[in-house]
2 protein chains.
Amino acid sequence: MELKVYCDRMSQPSRAILIFCKENNAEFEEVTVEIGKGQHRTPEFAEVNPMKQVPAVIHGDFKLFESHAILIYLASTIPGVADHWYVLLLCLHPFSFSEFPFQDQLMYPADVRERAKVHSVLDWHHTNLRRGSVGYLLNTVFAVAFGMPGDPKAAAEGEKLLSASLARIESFWLQGGPFLLGNSKPTIADLALACEVTQLEVADEKDQDRILKPHTKIVKWIEVVKSATAPHFEEIHAAIRSAREPLKKLKAQAGHKSE
Amino acid sequence: MELKVYCDRMSQPSRAILIFCKENNAEFEEVTVEIGKGQHRTPEFAEVNPMKQVPAVIHGDFKLFESHAILIYLASTIPGVADHWYVLLLCLHPFSFSEFPFQDQLMYPADVRERAKVHSVLDWHHTNLRRGSVGYLLNTVFAVAFGMPGDPKAAAEGEKLLSASLARIESFWLQGGPFLLGNSKPTIADLALACEVTQLEVADEKDQDRILKPHTKIVKWIEVVKSATAPHFEEIHAAIRSAREPLKKLKAQAGHKSE
């Protein structure tokens, strides 16, 4: 069944999905939707995702948006995905399954719990790390690049939430293991959150350093995710690295204009 | 296995979980954690949820927070939960399950897709309806009640996102059916989003009317959810209705002080 991934490598959730697909040898077509050119706002793209956001996928005749939902869906449908990505679920509605043969063998509540923890990280991500990161970057780097004023108060609030989230990942989610939830191998949550952190690479080096350097465990975790998904993590992130200089130039021009 | 639900009926995601538990005849203990009294910030509660937020659950020796993750977990573990709440999943990693007997019978990708749509609504909720609702109410009703200034710009942005989200639910998520996703019966997403909308009942009637009245499909949908989960929806919401008058008084007092 044909899988089309509509994405922009400048978008952190787009990158998470692309890395997941490549790492799991999915057969898919990458369809670039350039946010910077407003391609996500066209009527054609609204047919793919009525919310006009990337990433989105079409799998056969099935359309889906929201990156976490997409990661879960792909982990459940791409042939041969390793179990660690989204916890192989052996326990399914054991109680409504009374007529099912081998029912006893299917009851492994430990799996439901491991999967629940992945959901918990992904939900936490929305209102913490992602909200902080987007609030900070939208009102600094991207506001400047797109010729908008940017809200300094919102940028400061974004940075505060971003820093608090990074500290929380270190003190809680990374307890006991190289990956989130203390796991020895990555889940889809590692990809989603790591790609959020690496979005900081669009910022000036001094801003990156100020925000990231205090968090040595985060820096180490990113390296571990990178190496677990090599060479895809680096390859998919090339786009964001090559965007930093043009963004800097735009910022310099904007500064010049406002003088 | 003992299930404890740590919650405050004044919190919309707490209510969604309580209604779900009651509607599905779960055996559970409701442990009230009063946000207004700061009980979620105590060291004792940090043992339950290190993020210091309600709702949270403890099931046997398993601790979980984030309301959507909890709803999914409970839908997967409470005995006898009706399939419509979270889509009975018959297809599980079909391709890594080559050794499993009756493998053919287990492949029902339609179920994976239905479940993916539920995840999509829940993810969308975080950054749209919930963000708008919380932004609006925190900076109006609750700021006043807790003696804080409230940010008029944030309140206006919250109301804008809230109204846009209500319009989007009407034009997209409620297409084709009485429940979200065009379903004929509710999923956990109906509970999560409906409880968010009803949080507006803490606001003044004129503010409620201004925001809700243009959205007749939303008003009808709330009634349908209410009736599908009767009498629990009404019962769990009594707390929020009885809070409106005290909140009004606090607002009047605050207005008096600032004169």
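Start at the second largest cavity, which holds about 100 Å³ of space. A cavity is a set of points on a 1 Å grid over the protein atoms alone where a 1.4 Å probe fits but cannot get out. Its volume is the space filled by probe spheres set on the points, joined across faces, edges and corners. The structure has five cavities of 30 Å³ or more.

This is a predicted model: local features need pLDDT of at least 70, side-chain atom pairs pLDDT 80 or more, while totals for chains, interfaces and linings use all residues. Residues are numbered from 1 along each chain as written, chains are lettered from A in written order, and side-chain values use heavy atoms, without hydrogens or water.

Select the lining (an atom within 4 Å of a point). Residues His68, Ile72, His119, Leu122 and Asp123 of chain A are there, and so are B:His68, B:Ile72, B:His119, B:Leu122 and B:Asp123. H3 (67-77) and H5 (109-127) of chains A and B each supply at least two lining residues. Helices are DSSP runs (H or I, at least four residues), numbered from the N terminus.

Next, select H1(A), residues 12-23, with H3(A). Their axes, lines fitted to C-alpha atoms over the stretch in contact, lie 10 Å apart at about 5 degrees. That makes the pair roughly parallel (under 35 degrees). Among the contacts (heavy atoms within 4.5 Å), find A:Phe20 in H1(A) and A:Leu71 in H3(A).

Finish in chain B with H7 (152-173) and H10 (216-228), whose axes come within 9 Å and cross at roughly 75 degrees. They are therefore roughly perpendicular (65 to 115 degrees). Show B:Leu166, B:Ile169 and B:Glu170 against B:Thr216, B:Lys217 and B:Ile218.

Key
Axes are lines fitted to C-alpha atoms, for helices over the stretch in contact, and angles run from 0 to 180 degrees between N-to-C directions. Angles under 35 degrees count as roughly parallel, over 145 as roughly antiparallel, 65 to 115 as roughly perpendicular and the rest as oblique. On a 1 Å grid over the protein atoms alone, a cavity is a set of points where a 1.4 Å probe fits but cannot get out, and a pocket is an open set with protein on both sides within 12 Å along at least five of seven lines; lining residues have an atom within 4 Å of a point.
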